[in-house]
Amino acid sequence: MLKLDKISKTYRVGTFGGKELHAVNDVSFEIKAGEVVSLIGESGSGKSTIGKMILRLISITSGTISLNGVDISTIKEGATKEYYRKVQGVFQDPFSSYNPIFKADRLFRIIHDEFYPEVKDQDWNEKVENVMKAVGLNPEHVLNKYPHQLSGGQLQRFLIARTLLLDIQFLVADEIISMLDASTRIDVLNLLADLKKSRGLSILFITHDLSLAHYISERAMILYRGNVAEIGSIEKIFNTPLHPYTQMLMASVPRLDKKWDQEISVELNATPSEFSKGCAYFDRCPLAFEKCHEKPPSIEVEIDHSVACWKALENNYVRQIKPVLEIKGGH
Amino acid sequence: MGLQVENLTVYYQTLRGDVHALESTTFSIANGEIMGLAGESGCGKTTLGHGLISMTPPMKYVAGRVLLDNEELPIWDNARMNDFRFKKISIIPQYAMNAMNPIRKIGRMTEELLRSKKVDYQAILPELKRRLDLVKLPHEVLKMYPIELSGGMKQRMVMVLSMLMDPSLLIADEITSALDVASQKAVAEMLVEFRNLGCCKSAIVITHDISILYQIADSILIMYAGQLAEKAATRTIIDAPRHPYTKMLISSLPKVGAKHVDKRLAGIPGKPPLLLNPPVGCRFRDRCPVAFDKCLEVPPFLEVKKDHYVACWKEGEKNA
């Protein structure tokens, strides 16, 4: 359905723009209808940049993004409205997504005036009420209020309700629950999963939290400094993380069933290799060797599980790490 | 003898009346204990943290007393607290890492900070450098501007600064929440190490992320809407919580490996009450699945087992 083909985003940095920063480097993946794909990475990994490129908020340096076979960069300025009927985004901070001097439900009115001016008010109100119920809000309690009178979870559900009015096919969910409390977090997450089931909605779930990603998605992509480190079925990535970066991330996730492994140390002080030609993780990687000065290709090691790491590609290394993971209680 | 808080009550003054943000809280922290303080936003955890060290308007001291190492803290008198702040009791406020002076090099900023507390920078420099080594920061950071440091580096620098005087109590407010998982782990583990080395005797770690507390805290105190709900050893809170709120909170957290299709987790229906005119009795009553008539009275925060305190009539009944 949505296909990213070798997309890159390069920023010119330095005093006279003489240097290049590859925020996203040669990333390809596909999201099918009704699928949830997680984009996982630290800050600066380019995960939000990919989301913004899909939403046409920033331009693509090279490569193509296509929705149902149509290249989205060819959409003319005047025709973008049709695109946004199908593709929408919800972002991290629900409080700054609203204009505080207007009532929160003004955003439904905007959708009506912009996209469905022909619909009668009465029919529209009915439609609004339906989507409010779909996101688990009681319209009587939340309509006609200002943003500060609503909680973060309610505001975030408003924004999701807004996208539903448009009958979208694809949702970019960029860290949408990281600002919410633990008790409301799970409600918003369940809502996304329900929408996927009932409407066949495809979701790009951008997060840095692996347990949330695992809870909701089928497939995942681990990004490191704009490069895909590992991609494939989330089960496989969880059970056998092959890239040293993925392994480090997995070991750092605070869990409720297991204390942190003191042996896997977190390498913190490496200077980023934004301008280097080889593997992006080279400076922080405990296993880096001579070959890593060359950029590793992404190779499929098993069905629906690819990794871009020279070490992991050496067969004996893959065999080596498996018993280690079992001892450490990996699933 | 660590920290003892007795009957501490703090309100916020507003034009529409007092916001009852912290209501008669009584608890203690032993020497060497790292206590996690968790709850939803607006439950009063930050109010409690700030109330112990810097009571500034609109915060209003209403009642209660605080003893640190058997010495009473004059928390109602902001000027007198100056003798204690930074030296005996120290805080890392939320977003502290972004509050460093952007136009001062970090070393110079530290020097100014110490001078304001009448501490000689040169005398403390060797110790400062030793602590930088501990948190794996190069000594060059002292000659750098905050903008040159990453978020994780800034947070580690703030940790070093706040514990430079070996305070008896450190209050760490959301020190891991704005960081990546790898930096989170590093910062949290360093806090434990600092405690082990005696750079602070005990600590209160305020966060909404209970899984972080499970990793580093010795005990966890759960708050709800300005009242204490439960305090117990970390393991007990996670594995055998007694308060209905704690139970629902713990079960709503996604475990690593849990999947929506296998096991759907449930949130807590409803939302916390407004504290301007808080409901009488137990404030969790409206959302509580086991609430009954007696919950119209405020439940006492009772020790149901050794070091396990719960404020719930239902649980108290079972124990009687």
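A residue is called buried here if 20 or more other C-beta atoms, placed from the backbone, lie within 10 Å of its own, exposed if 12 or fewer do, and partly exposed in between. The model is predicted, so local features need pLDDT of at least 70 and side-chain atom pairs count only at pLDDT 80 or more, while totals for chains, interfaces and linings use all residues. Residues are numbered from 1 along each chain as its sequence is written, and chains are lettered from A in the order in which they are written.

In H10(A), nine of nine residues are buried, among them Tyr245(A), Met248(A) and Leu249(A). Their cover includes H8, strand S9 (219-224), strand S10 (227-233) and helix H9 (234-239) of chain A, together with helix H5 (181-196) of chain B.

Turning to the interface, 33 residues of chain A meet 33 residues of chain B, a contact being two C-beta atoms, placed from the backbone, within 7 Å. On the chain A side, helices H7 (182-199), H8 (210-216) and H10 (244-252) each give two or more residues, and H7(A) gives the most, with seven.

H7(A) also packs within its own chain: its axis and that of helix H6(A) (residues 152-165) come within 10 Å and cross at roughly 15°. Angles under 35 degrees count as roughly parallel, which makes H6(A) roughly parallel to H7(A).

Conventions:
Helices (H or I, at least four residues) and strands (E, at least two) are DSSP runs, numbered from the N terminus. Axes are lines fitted to C-alpha atoms, for helices over the stretch in contact, and angles run from 0 to 180 degrees between N-to-C directions. Angles under 35 degrees count as roughly parallel, over 145 as roughly antiparallel, 65 to 115 as roughly perpendicular and the rest as oblique.
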